[in-house]
Amino acid sequence: MKNTLKNPAVYLMFIIPTITLYGLFFLYPMFSSVFYAFTNWNGLDETRFIGLDNFTTAFGDESFRSAIFNNMYFIVFSVGLQVPIIIILALLISNVKKLKGFYKTTVFMPSILSTSVIGILWGFIYDPDIGPISAFLGFFGLDPIYWLAEPKWAMIAILLTNAWQWVGFYIVLILAAILAIPKEIDEAAEIDGANATQRAWYLTVPLIKPIISVVVMLSIAGAMRVVDIVLVMTNGGPAGSTEVMASYMVNKAIKFGDYGYGTALAIIIFAFALVFTAIYQLTFGKTERIEY
Amino acid sequence: MKRNAMVILTLILALSTLLAACGSKKNNDTSSPSASTSPSASASASAPASEPASPSKEVEPFTVSLRHIQIGEPQKFRKAILDEVVKKTEAEVPGLKFELDGVEDAVNRFTKLPAEMAAGNQPKIFDLFGGNADALKYAKAGRLLDLTPILDELQLKDKFLNVFGQFTLDGKIYGLPIGGNMEGVFYNTEIFQQNGLNPPTTWDDLIKAADTLKGKGITPFAQASQAGWVPNMLVDTLLGRHVAAGFPNGLTDGTLKWNSPEIVAAYTLYQDFVKKGYFTKGELGKTYDDMLNEFGAGKAAMMFDGSWRSSAFKADGVAKAINGKVAFIALPAIPNAAGEQTSINANYGNGYGFSSDLNENELAAVKAFIKNLYNDEMQLRGLTEDGVLPSMKLSDEAMGKVTDPLVKQVLDTMKAAGSSFVHFDSVVQKAVNAETENQLQKLIANKATPQEVGDAIQKVQDTENAKK
């Protein structure tokens, strides 16, 4: 056994298959897609090197620019609105005495459903003719809202659905962090006369800051690559109002066999996600390790 | 020593697993070109592939992939015809088994088939659209089987109508249209009668009907614009009626511009309809099926759609609720429009194409499939059961068998037309067609003016035209 581990061939035997597979299915496609981003490759005609044309086309296209803004909406909505709601709900659930397991399971449920199911489910909820929201509005004599058919509502409808799907997942993450805080700290503050709000704001929230930072980062990364919910619910419509970068890539490039352009878009999305998460990590995301 | 042997053995095992995973799909058809079996079962295991096989009556089974778009309830009549052809062909060709793969029309046309064509692993037989963006593009890349010799061999060429325009490249035929269609107005005769309206055969009557129905809370036109191709049907006919000459071929050779006054006038008319509320409310969120449901439920009085929809209104169709209450006409003449006002949109754009990558067995299967699908009987069945206009010449006697009044109306409307034009989506490049859908949705959402729509599409058209 001793000699076996001294034999370099043994180590090679273990790593070569994995390295080969990694190279074949990860490194090679990745680097070849960088190459194809600078070509007009469509799989049928002769592939030509066209320099930065794909990138200038993308940024020159008004639809793509509006898709970038829609991704920004996703970030603002998920970080600015979703995260505070997640924290508040997690604090509330951590303080209930009865049925804590029930609440945890209930909020977590949507995140295990497939996005297609959620898209169809909410498509029904938003339906102007038979959906419950219209019925509710009708009860007060209000006209139905064409959630997914009107540009001004469609984006909000998708943001709400997306939030419904993911809020529970993040709540469970934060809840785990809250429950890991030793009880003594909280009790000490209570004895010192701090009320529940003060304890939550001055004690619990600072102590779970590292996990909040992770949740914010996951939200940013998730908002950058969001696509499935858009494709299922509106396919980027109406009139491009819910188009995000990834759905633009699917609808404009991949669907029409313009694979060179498609890979260029994929690289742009990757670059955006990288820059945003890096900026966050280097600024607000910096957290110190907390020792109890 | 023993240890070294162990190491080597494990390495060999690991490498062979890797190599096996990298094996090509060709493994499956090594034996098929000759369709032979080895003399005996015991010999077959060791016989090298190159060894000439002795003739035998036993046949090696083989499969042929067949991609169709006949899925869902509205397509059931066409699927029944296909199933019968498949069954018949399997019985005729020994060893043949078709692998049917049903994919939704738009997914197949715009996503799946293009990707397969790019990778070169297209099915052997597949649903194919004609024109620059589909059949001709694939033919140029050498992916499609040249059908000219097969048509000669089966003596079929003269039996077809003049329908190969969108499938012909350099004099060779690369696809067989299964049938034809025209796009026009379906209207609910009961709603028209109940409201004391004249059939919408003139523009004045059509507008009067739309205004009256709108006032009574009935949607004048069922419309569904979540997918841009659906409203583009009406736009196409409006364009054909507004442009004096060169539609749609002039768009790709640069003699006709999307931002010309005639085309902008057509888009203005469409926007006018939107503004007056002639279409379904919230149309941008509705799917093509929603449109049929709305019309079929009697909630809308008219619907601009392809003649293929006529089968939905049969006694056992999906919209059977209004069976016998539907009539079909061409869009009435538009006053002050520059084009030929009796012209209609008519297409022979959809049919089957075949992979150029076929072995002998598969070729035999393809020939039998063509023989069984493209004949008088199946063409007549397509017409009577499914309302699809024949792409082959049918005798007067056969045509006399058409009893469905709606199909008869379609045939009469086509006969009465002064001229016809194909849909622009079979002529312009894919990117241009995509832009027309995008811009039309913006027009509907009131986010663009007709002139802006024309300018934006022309910009893409110029870029695409310059690529040649």
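Which residues touch the most other members of the largest nonpolar core?

What we have here is a predicted model, where local features need pLDDT of at least 70 and side-chain atom pairs count only at pLDDT 80 or more, while totals for chains, interfaces and linings use all residues. Residues are numbered from 1 along each chain as its sequence is written, and chains are lettered from A and ligands numbered from 1 in the order in which they are written.

Back to the core. A nonpolar core here is a set of buried Ala, Val, Leu, Ile, Met, Phe, Trp, Tyr and Cys residues joined through C-beta atoms within 7 Å. Buried means that 20 or more other C-beta atoms, placed from the backbone, lie within 10 Å of a residue's own; exposed means 12 or fewer, and partly exposed is in between. The largest core has 172 residues, and the ones touching the most other members are A90(A), I171(A), I174(A), L265(A), A135(B) and M303(B). Helix 8 of chain A gives the largest share of this core, 12 residues. Helices (H or I, at least four residues) and strands (E, at least two) are DSSP runs, numbered from the N terminus.

Take A90(A): leaving out residues up to four places away in sequence, A90(A) touches I171(A), I174(A), L175(A) and I178(A). Contact means C-beta atoms, placed from the backbone, within 7 Å.

Next, please find helix 11 of chain A, residues 209–224. Its 16 residues reach 23 Å from first C-alpha to last, close to the 22 Å expected, which is 1.5 Å times one less than the number of residues. Buried residues in helix 11 of chain A include I212(A), V216(A) and I220(A). Among the elements covering the buried residues of that helix are helix 4 (62–95) and helix 8 (151–180) of chain A.

How do the two chains meet? In chain A, 26 residues are in contact with 29 residues of chain B. Helix 2 of chain A, residues 8–36, brings the largest share of chain A's side, 5 residues. That side divides into 14 nonpolar, 9 polar and 3 charged residues. Ala, Val, Leu, Ile, Met, Phe, Trp, Tyr, Cys and Pro count as nonpolar, Asp, Glu, Lys and Arg as charged, and the others, Gly among them, as polar.

Last, chain B: it has 18 helices and 14 strands, and 44% of its 468 residues count as buried.

How values were computed:
Contact = placed C-beta atoms within 7 Å.
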